[in-house]
Amino acid sequence: MIESLSTNPLLLLFLVAALGYGLGSISFRGNKLGVAGVLFVGLLFGGLDERLVIPDIVFLMGLSIFVYAIGISSGPGFFAAFRRGAYREVGFIIFMLTLSAAWTVLFHFIFGLDAATTGGIFAGTTTNTPALAGLLDSISERFSGAERDQMIQEAVVGYSLSYPMGVIGVMFGLFLMQKWLKVDYRKEELDLRKDYPVAQKIINGTVDISQENLKSYVLRDILQEMDWSVVFGRVFRGDEVIFSNYDTKLEIGDKVNLAAREADWGEVVERLGKVSEETLSTESNTYVQRRMFVSNPKLAGRSIASLNLSGQFPIIVTRVRRGDVDMIAHGDTILELGDRVRFVALREDLDELKKLFGDSYYSLSQLNLLSFGLGMAAGLLLGMIKFQLPGGIEFSLGFAGGPLIVALVLGAQRRTGMIVWSLPYSANHTLRQLGLILLLAAIGVRSGHTFFDTVAAGGGGMIFLTGTLIAVLSTISMLFVGFKLFKIPYTFLGGMSANQPAILDYAIQNSGNQLPNIGYALMFPIAIILKIVYVQILFVLLG
């Protein structure tokens with residue numbers, strides 16, 4: 001069996017992926033390893049025989065695809081956070097990595113480690129391969145011959161033994177602190193719902209208009225005055241049915257169909273009148289309610305208002321569903337490929353609306369290789385550029401930082417002329433999962449033999465313990481300070497603490513939403529540079 005796996009890396013890759021995913025699906029007291037199970041199965045297989053190897057190209061491809069998919073989906077939220085003043089978060093990221101470096105220095109002196117091993121441990125506990133590459137490059141520049149080879153080996157061993165705990169230790173810290181801090185993910189999600197696309201419970205209903213003070217108002221005035229997330233639908237006035245718009249004036253006795261967030265529903269009803277006892281049908285021989293997929297690339301990246309739908313059809317767009325998240329539709333809501341738009345329109349206009357939106361699930365299952373290929377190529381080219389810092393420190397963004405930064409920019413841009421950069425939700429999620437599995441399987445198998453070999457020889461216990469303490473204590477102290485002092489939502493902190501994609505997946509599972517992606521995307525470009533710089537500073541100072 002070992003012989004077959006050693007000569008067939010594809011067989012090894014898919015076997016590790018399958019068994020790891022199965023392990024990650026096992027629930028223990030409501031907690032799962034998720035896709036991180038692939039890493040641990042990879043370590044086990046890698047420890048069986050040093051001939052078991054998955055080519056580096058698999059790891060690099062998985063890493064690049066994963067971070068690109070994350071960046072494309074997180075780009076709008078990333079730059080929106082800066083527009084809202086995310087300097088608190090940036091300051092916290094710098095503090096977080098400085099704190100991790102401080103813990104590393106402390107245990108360096110407590111356990112009497114050498115500088116190369118300590119640098120490798122820091123790179124491993126922060127699960128940053130570019131930082132290890134920077135460390136090895138720094139060693140090669142300062143030393144030569146047997147001394148250089150010895151230090152490189154020490155750095156690699158420190159990295160390999162501490163890397164698994166850079167994943168497990170952070171997960172443990174996240175689990176421990178969310179219990180101790182009594183984190184309410186649902187409350188955080190509701191607090192953040194105005195700024196980010198999170199799941200919202202939406203209520204549809206009919207309201208009888210009975211408030212006299214509404215006579216002088218049109219809907220535009222009501223919406224500007226009240227901070228509601230609500231969409232007004234058809235207005236039933238006697239035997240007449242009116243498609244509402246911003247200039248519609250409500251009258252006493254009108255019945256209005258509307259959709260509102262659960263948090264706003266009570267206030268909306270109180271302001272307008274009362275819940276109608278009569279249930280009005282959403283469909284008739286004339287009017288229909290439908291959901292359609294946005295598969296037309298011409299609509300991607302455009303706001304609902306810019307489409308001027310009401311100028312072309314009698315139509316009211318009420319909701320936009322993105323993935324598993326329902327959002328109230330507003331004029332400034334940006335449509336993306338894969339969105340499902342819910343609207344009320346004339347039955348006779350359905351064919352034209354289908355042409356407009358596209359409504360093709362088949363089209364959404366296709367990956368636009370032009371935009372994806374160009375974006376990935378631009379990211380990889382950026383990752384190759386060498387940057388110089390004072391003190392002779394040189395670094396590049398590599399296969400992770402380059403694609404992520406380019407993806408964040410392109411994701412926020414959404415489209416350039418006819419090229420749509422954003423990916424359909426389903427395609428993005430598939431790419432993300434595929435990339436994550438590839439890189440975890442490769443890094444696990446690659447580290448497995450060194451990990452078990454060093455532990456079996458009795459020389460890795462101290463390194464393993466040091467990596468464990470640094471990872472757990474850094475995570476616990478970082479989460480406490482971030483949550484209590486910086487007042488950053490724990491949902492974001494889960495993403496910010498995700499040195500490694502498996503941790504991000506774990507944070508997403510715990511929170512039950514995609515908001516940790518925002519924290520991850522905010523943290524990663526800054527952190528990858530700081531980690532490369534810090535590991536070389538540690539090596540120089542401690543050596």
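Student: Trp 180, buried or exposed?
Tutor: Exposed, with a relative accessible area of 55%. Exposed means over 50%, buried under 20%, and partly exposed in between (1.4 Å probe, protein chains only).

Student: What kind of model is this?
Tutor: Predicted: local features need pLDDT of at least 70, side-chain atom pairs count only at pLDDT 80 or more, and totals for chains, interfaces and linings use all residues. Numbering starts from 1 along each chain as its sequence is written, and side-chain values use heavy atoms, leaving out hydrogens and water.

Student: How many aromatic pairs in the whole structure?
Tutor: Ten. Rings of Phe, Tyr and Trp (its six-membered ring) pair if their centres lie within 6.5 Å; planes under 30 degrees apart are stacked, over 60 edge-to-face, the rest tilted. One of them joins Trp 103 and Phe 107, stacked at 6.1 Å centre to centre with 20 degrees between the planes.

Student: Why are Trp 103 and Phe 107 about one helical turn apart?
Tutor: Because they sit four residues apart in helix α5 (residues 87-111). Helices here are DSSP runs of H or I, at least four residues; strands are E, at least two; both are numbered from the N terminus. Trp 103 is partly exposed at 22%. Phe 107 is buried at 7%.

Student: Back to Trp 180. What does it pair with?
Tutor: Phe 480, again stacked: 5.7 Å centre to centre, 20 degrees between the planes. This pair links distant parts of the chain, 300 residues apart: Trp 180 is in helix α8 (residues 145-180), Phe 480 in helix α18 (residues 461-484). Phe 480 is partly exposed, at 33% relative accessibility.

Student: New topic. Which residues touch the most other members of the largest nonpolar core?
Tutor: Tyr 490 and Tyr 520, in a core of 86 residues. Helix α21 (residues 516-542) gives the largest share, 14 residues. Such a core is a set of buried Ala, Val, Leu, Ile, Met, Phe, Trp, Tyr and Cys residues joined through side-chain atoms within 4.5 Å.

Student: What does Tyr 490 touch?
Tutor: Residues including Leu 174, Met 177, Leu 181 and Phe 483, not counting those up to four places away in sequence. A contact is heavy atoms within 4.5 Å. There is also a second, separate core of 20 residues, with Met 292 and Val 317 among them.

Student: And Ala 345, where is it found?
Tutor: In strand β9 (residues 340-346). Ala 345 is buried, at 0% relative accessibility. From Ala 345 to Ile 316 is 6.6 Å, C-alpha to C-alpha, though they are 29 residues apart in sequence.
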